[in-house]
Amino acid sequence: MELAKKIEILAESAKYDVSCSSSGVTDNTRNGTVGSTSAAGICHSFTSDGRCVSLLKLLFTNACIFDCHYCINRKSNTIPRATFTPQEVADLTMDFYMRNYIEGLFLSSAIIKNVDYTSELLIKTLKILRYEKGFKGYIHVKAIPGADEKLIEELGYLADRMSINVELPSRESLKLLAPDKEPFALYKPMKQITQKKHELAQVPALRKQASFVPAGQSTQMIIGASPESDHAIVKIAETLYQKYELKRVYYSAYIPVNQDSLLPAITTDPPLLREHRLYQADWLLRFYRFSADEILSEDKPNFNLYLDPKANWAVQHYEQFPIDVQTASYDQLLRIPGIGPKSALNILKARKYYQLHLSDLKKLGVVIKRAQYFVSCNGARQAGLIHDPEWVIASLISSRQYETLKQVNSQSRQEQLTLFDVERFETTKRKEARYAN
Ligand code: SF4
């Protein structure tokens, strides 16, 4: 098969993997114009120091021996199949790299023959790149769960980042929808990578000799293919961050690609707003020192579609506000909507030298429009505001957000329609207008 044909087939099959931050999509409406895109893909990822890098995203093969219900590449699907050779992937990567199109490679694979054989092919590819071609660029590779430990280790020395996809948020769903996968096998390589990194960190000489998964590991969860609540998903992400020190958990709104009685109907829209809320909640776990049980609970297991999770937490705990910025701890400042880690640090530094006034907060990076309902400065609050949680909710939702919500809502024929309580929103907005007059 011609290389161009393989690229076309495998780029199409790879686009559902979101373990790097953006994926190539085809935009036929603008074909031939500046900005038109192709599915054969360059995607973006972030290195451990926060830099954004462009990666050539390839699937090594889509000839899978497994039959995961949610996957386009499952063996029972009749789709064109293709497999690269290690040399082809290495040559392609170098070609793109030398032309300055990419800074690295994102290599994933379906399971060909068996897990060890697939891992050996990936290792061979990376060895050609690293040793024969001297490629020092960034490589993100998908580890194959269930592969021999020695192979996982070898791959770890060749790649910058490794990811092992959890795929579904519970063992029950995995059993049902990915019957060939052994749930325990998914977590074993994560544990192995974490332990190995710890071992190496304790011996400085070893650390210098060879770097092992220097950019850490990540994972991906598919959202909306199985019935787990948002709370259950956030809890799993929290455990993964704590237990395996993952750099990122990616959430991928399920795109129905297969007609299957165990899955949402093929006409179901991907739950994009839910995915967005999960990323916001993930941010709270990683940078705002929230726990999963604070963001959501078993009583309220799903996200508020009107408000981001931090604002939602704040209005649910309105009795804890206002927080006085002159005396609050760093952790307390982080809880205030409109204050992020950087502005919280700015506040701590500035207040050492002078008494803060509300008018100072904007200069320190605080988003006043959001923070004004939750802060005080030396006991003083923003004049003229009504401090009632209902009122605050209505004020925090802008007309633009309202329009977006309406649009997302109308796109979703499933759960979001019932959760988006337009009537209640309209009532609150009317109340707001009455107060304003
Ligand atoms: S193992 Fe499952 S999810 Fe992965 S490519 Fe094969 S069928 Fe798809």
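In helix H1, the residues Lys6, Ile9, Leu10, Ala11, Ser13 and Ala14 are buried, buried meaning under 20% relative accessible area, exposed over 50% and partly exposed in between (1.4 Å probe, protein chains only). Helices (H or I, at least four residues) and strands (E, at least two) are DSSP runs numbered from the N terminus. H1 covers residues 3-14, and at 1.5 Å a residue its 12 residues should span 16 Å, which agrees with the 16 Å between its end C-alpha atoms. The expected span is 1.5 Å times one less than the number of residues.

The structure is a predicted model, in which local features need pLDDT of at least 70 and side-chain atom pairs count only at pLDDT 80 or more, while totals for chains, interfaces and linings use all residues. Residues are numbered from 1 along each chain as its sequence is written, and side-chain values use heavy atoms, with hydrogens and water left out.

The structure holds 12 aromatic pairs. Rings of Phe, Tyr and Trp (its six-membered ring) pair if their centres lie within 6.5 Å; planes under 30 degrees apart count as stacked, over 60 as edge-to-face and the rest as tilted. One of the pairs, Phe96 with Tyr101, is edge-to-face, with 5.8 Å centre to centre and 65° between the planes. Phe96 is partly exposed at a relative accessible area of 24%, and Tyr101 is partly exposed at 47%. Tyr318 and Phe374 also form an edge-to-face pair, at 5.7 Å centre to centre and 75° between the planes. Tyr318 lies in the loop between helix H11 (309-316) and strand E8 (323-324), and Phe374 in the loop between helix H15 (368-371) and strand E9 (375-376), so the pair ties together parts 56 residues apart in sequence. Both Tyr318 and Phe374 are buried. They belong to one aromatic cluster together with Phe290, Trp313, Phe321 and Tyr373.

Trp313 also has Arg335 over its face, at 5.0 Å from the ring centre. The charged end of Arg248 sits over the ring of Tyr250, 4.6 Å from its centre. A charge sits over a ring if NZ of Lys or CZ of Arg is within 6 Å of the ring centre and within 35 degrees of the ring normal.

The mean pLDDT of the protein is 84, and 81% of its residues reach 70 or more; pLDDT is the predictor's confidence in each residue, from 0 to 100. Confidence is highest in helix H3 (residues 115-132), at a mean of 97, and lowest in helix H18 (residues 415-419), at 32. Where pLDDT is low, the predicted coordinates should not be read in detail.
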